[in-house]
Amino acid sequence: MNSSKTILKTTVLFAGLRLITIFINIGISKFIAFFLGVSGIGFYGIISNTLSLITSVADLGVSKSSIRNIAEARGQEDSVEISTTITVVKKLLFFTGLTGATLTILLSYFISVWSFNDGKYWFSFVLLGIAVFFTIINVGRASILQGMRELKLITLNTSISAIAGFIISLPLIYFFKFNGIVYSLLSTAIIGFVVSSYFIERVKIN
């Protein structure tokens, strides 16, 4: 019974967090459509999808596998194993994040040509490379919290990061137009990094 309640509680929680993220993305899209029009929406879609694609590839599955590994260590109530696993995951995340960021920056011109048939957006992808690093770290830290079943910390981390990112994105897009879209993605990733840095330190290992 307790297991069923835990599963139900976790499912409802992640569904709620997913809805928050969806509504915020819709809000940003509406804002871009109003101020930048259809071309703005297209630019936002390409940039954000590129960020998601590069992040997924560069992550190398570390985030997903870390949930299982940390959960197994936690189930054994082995504090040494938990601490070791989390330390290894953090190092792997730093490595994959740095690798993804470096490759994105080095290939920024070619990614611009591939995405827009024009190399003039190369600097946008340089900034996107920096966002890749922070995004991978953020996703990995969320996986650590999930593996440790820190539901309260997951809720606070995701909600605060999403809302703060939304608030900072609007003025950036309003004042910097198309460049503001890239600035907003980078700012959101950095905000998520700062917020997750606080909550990841709240994880208690007995």
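A residue is called buried when its relative accessible area is under 20%, exposed when it is over 50%, and partly exposed in between, with a 1.4 Å probe and protein chains only. The model shown is predicted, so local features need pLDDT of at least 70 and side-chain atom pairs count only at pLDDT 80 or more, while totals for chains, interfaces and linings use all residues. Residues are numbered from 1 along each chain as its sequence is written, and side-chain values use heavy atoms, with hydrogens and water left out.

**First stop: S108 and helix α4**

Select S108, which lies in helix α4; helices are DSSP runs of H or I with at least four residues, numbered from the N terminus. With a relative accessibility of 5%, S108 counts as buried. Leaving aside neighbours within four places in sequence, S108 is in contact (heavy atoms within 4.5 Å) with W122, F125 and V126.

Just after α4, N117 adopts a positive phi of about 60 degrees.

**Second stop: α3 against α5**

Now select helix α3 (residues 79–106) and helix α5 (residues 122–147), which pack at an angle of about 165 degrees with axes 8 Å apart. Axes are lines fitted to C-alpha atoms, for helices over the stretch in contact, and angles run from 0 to 180 degrees between N-to-C directions. The angle makes α3 roughly antiparallel to α5, a term for angles over 145 degrees. On the α3 side, the contact residues include I86, V89 and L93, and on the α5 side they include F125, V126 and I130. The residues of this contact comprise 16 nonpolar, six polar and two charged. Here Ala, Val, Leu, Ile, Met, Phe, Trp, Tyr, Cys and Pro count as nonpolar, Asp, Glu, Lys and Arg as charged, and the others, Gly among them, as polar.

Finally, select helix α2 (residues 62–75), which packs with α3 at an angle of about 170 degrees, their axes 9 Å apart. That makes α2 roughly antiparallel to α3. Among the residues in contact are S66 and I70 of α2 and I86 and V89 of α3.

Notes: Helices (H or I, at least four residues) and strands (E, at least two) are DSSP runs, numbered from the N terminus. Angles under 35 degrees count as roughly parallel, over 145 as roughly antiparallel, 65 to 115 as roughly perpendicular and the rest as oblique.
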